[in-house]
Amino acid sequence: MIVDLAAHQGDVYLKRVELPSDLDIKESQDNKTILAFGEKTGHHHRFETNNVKMFVAKDGSGKTYVLITDYPAELKHEEHESIRFQPGAYEVFIARQWSDQNEPIRVLD
Amino acid sequence: MINELTKEQIAKFPEYVDKWTKIGLSTEPADRPRAEIAIKKMYEVAKLKEPKIVWCDSPCSAYFTILIIEKLSKEKLDSIFDSVRTSVGASVGDSVMASVGDSVGASIWATVIDSVWASVCASVLDYVRASVGASVMDSVGSSVMASVGDSVRTSVMDSVGSSVMASVGDSVRTSVRDSVRDSVSKIYHNCIEGSHLSYLSAFYLFFRNECSLISETEKGLPFFELTESCGWIFPYENICFASERHNVLNRDTQGRLHSETTAAIEYPDGFKKYAIHGVRIPEYVVLNPEKITVELIEKEENVEVKRIMIARYKEGVKSYMFDSGSVLIDEKKDIHSGLPIKLWRKDRFDDNPIVMVEMLNKTKEQDDQGNWIHKPYYIRVKPDITDALYAIAWHHNQTVEDYVKTQIGT
């Protein structure tokens with residue numbers, strides 16, 4: 001199945017959206033678009049094709065988006081099965097957990 | 001232009017993968033004379049003056065040594081380097097690590113490193129590293145690219161370079177890099193990662209040896225020698241710090257750093273890191289699991305580390321749930337996989353309750369006995385949550401209505 005609406009790979013959740021206008025592009029490195037870094041494993045949730053661009057909202061909210069153009073792109077990670085996404089814009093959500101400070105914080109892995 | 005490989009050439013792939021993977025994972029001492037010749041030739045290729053070479057017993061002690069020396073005044077450097085080399089020699093890293101580690105607090109270190117490193121970056125490091133590293137390998141890369149068609153290059157990279165990199169790069173090099181960064185505050189600076197770059201040598205030497213790209217790869221010879229003879233190097237103007245290779249390296253069947261009884265990776269100066277199935281964890285979790293407490297587990301914010309701590313706590317998850325006084329308050333099935341999702345709650349008299357959702361990774365992984373299992377994860381969620389499905393949706397930053405529309409979860 002090629003996802004065109006929503007899917008999650010471990011801690012990373014992608015949901016199809018209309019791409020907002022006020023965005024900064026986030027440069028990819030070595031053709032890799034990394035959505036979440038594995039702090040203790042070195043394994044990252046990433047796209048490894050050049051048809052994926054990542055954006056961050058200019059309003060400081062931290063909202064992050066990926067835009068897949070031309071053809072489906074595969075999200076990869078060592079501990080999870082890969083997921084293919086149809087071209088389109090997706091908002092990226094990083095999973096959260098509750099902290100000792102009684103507030104939500106992003107999940108680290 | 002080479003646009004096709006012969007069957008004979010393709011049949012050579014495994015030979016390169018095997019040889020250079022072994023080199024990348026080698027725990028043999030560095031071949032110092034050979035490495036020193038390689039380093040000097042790399043400087044020569046970069047049109048830089050021959051450097052003095054200071055050996056350190058790990059990348060970490062090399063970093064510390066660099067930081068200490070950078071604190072000394074410029075006038076003293078020449079004499080210090082001489083004495084370092086002759087009187088302290090190979091043990092410089094040991095002595096630096098031992099004395100500094102005992103006498104300087106972590107916060108002081110962080111401050112010193114921050115301020116010192118900034119000046120290092122601003123002065124010579126970028127220039128020298130770029131000259132030594134890039135002038136050698138960039139020119140080799142360009143020459144090979146000009147001589148080899150895309151499909152052949154991709155084929156060799158996929159079959160040779162990527163195989164070696166998968167074994168060495170991801171599991172070992174990344175871990176050493178992150179471990180060094182853990183140890184010297186947040187600072188990490190690029191260097192030339194010696195034997196951990198063996199995949200590059202495998203890739204280019206295939207073209208040199210099997211496709212007769214001799215002149216195109218000529219400049220890379222000292223680099224290939226370097227990757228075969230020592231660990232990481234830190235090239236500066238007039239001086240190059242070189243590190244020994246790891247002398248202990250334990251991995252699981254999937255090639256990830258792993259040992260349940262000893263350090264997973266260790267260097268001759270005692271710099272070591274513990275890891276279980278690729279997850280770097282504190283020493284006591286491996287050597288003294290009896291020190292793991294419910295409180296420590298609940299304070300741990302990294303879910304991978306927490307999962308391992310729970311697994312190593314007494315008899316594992318059951319002990320943890322029992323000892324922490326948790327009660328099961330809801331159980332549902334995952335919308336796609338049908339796997340159970342459990343919601344646990346632990347009431348506390350002086351604080352909000354701890355509510356934790358227990359779920360299974362939908363992708364199976366191999367356990368220690370080689371069985372394919374769904375690994376359990378425990379995520380602390382908002383304390384007022386009472387529904388397991390709602391807990392999962394909250395964890396993913398979604399409403400339940402949105403979450404049930406999820407097409408795939410892995």
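Predicted model: local features only at pLDDT ≥ 70, side-chain atom pairs only at ≥ 80, totals over all residues.
Side chains of opposite charge can pair when their charged atoms come close. Over all chains, a search of the whole structure finds 29 salt bridges. In chain B, the side chains of B:Asp57 and B:Arg32 meet in one of them, with an N to O distance of 3.6 Å. This pair links distant parts of the chain, 25 residues apart, with B:Asp57 placed in the loop between strand E1 (52-56) and helix H4 (59-71) and B:Arg32 placed in helix H3 (residues 32-45). B:Asp57 has a relative accessible area of 10% and is therefore buried, whereas B:Arg32, at 21% relative accessibility, counts as partly exposed, the limit for burial being under 20%. In chain A, a salt bridge of 2.8 Å (N to O) joins the side chains of A:Arg46 and A:Glu48; here A:Arg46 counts as buried at 13% relative accessibility, while A:Glu48 counts as partly exposed at 33%. Beyond these pairs, a network of salt bridges links A:Glu79 with B:Asp252, B:Arg256, B:Glu365 and B:Lys375.

Rolling a probe the size of a water molecule over the atoms shows where empty space is left. The structure holds five cavities of 30 Å³ or more, and about 290 Å³ of space lies in the largest cavity. The lining of the largest cavity comprises 26 residues, of which A:Gly10, B:Met359, B:Leu360, B:Asn361 and B:Tyr377 lie nearest its centre. By class, this lining has 10 nonpolar, 10 polar and six charged residues. At least two lining residues are supplied by each of the following elements of chain B: helix H14 (303-312), strand E9 (340-346), strand E10 (354-360), strand E13 (376-381) and helix H16 (388-395).

For chain B as a whole, the secondary structure comes to 17 helices and 14 strands, and 52% of its 410 residues count as buried. Among the contacts in chain B with a separation of 6 or more, 65% are accounted for by residues 24 or more positions apart. Chain B exposes about 18,200 Å², of which carbon and sulfur atoms supply 52%.

Technical notes. Residues numbered from 1 in each chain as written. Chains lettered and ligands numbered in written order. Heavy atoms only, no water. Helix = DSSP H or I, 4+ residues; strand = E, 2+ residues; numbered from the N terminus. Buried < 20%, exposed > 50% of the residue type's maximum accessible area, 1.4 Å probe, protein only. Contact = heavy atoms within 4.5 Å. Areas by Shrake-Rupley, 256 points an atom, 1.4 Å probe, with all protein chains shown as cover. 1 Å grid on protein atoms, 1.4 Å probe; cavity = no way out; pocket = protein on both sides within 12 Å on 5 of 7 lines; lining within 4 Å. Points joined across faces, edges and corners; volume = space filled by probe spheres on them. Nonpolar A, V, L, I, M, F, W, Y, C, P; charged D, E, K, R; others polar. Salt bridge = Lys/Arg side-chain N within 4 Å of Asp/Glu carboxyl O.
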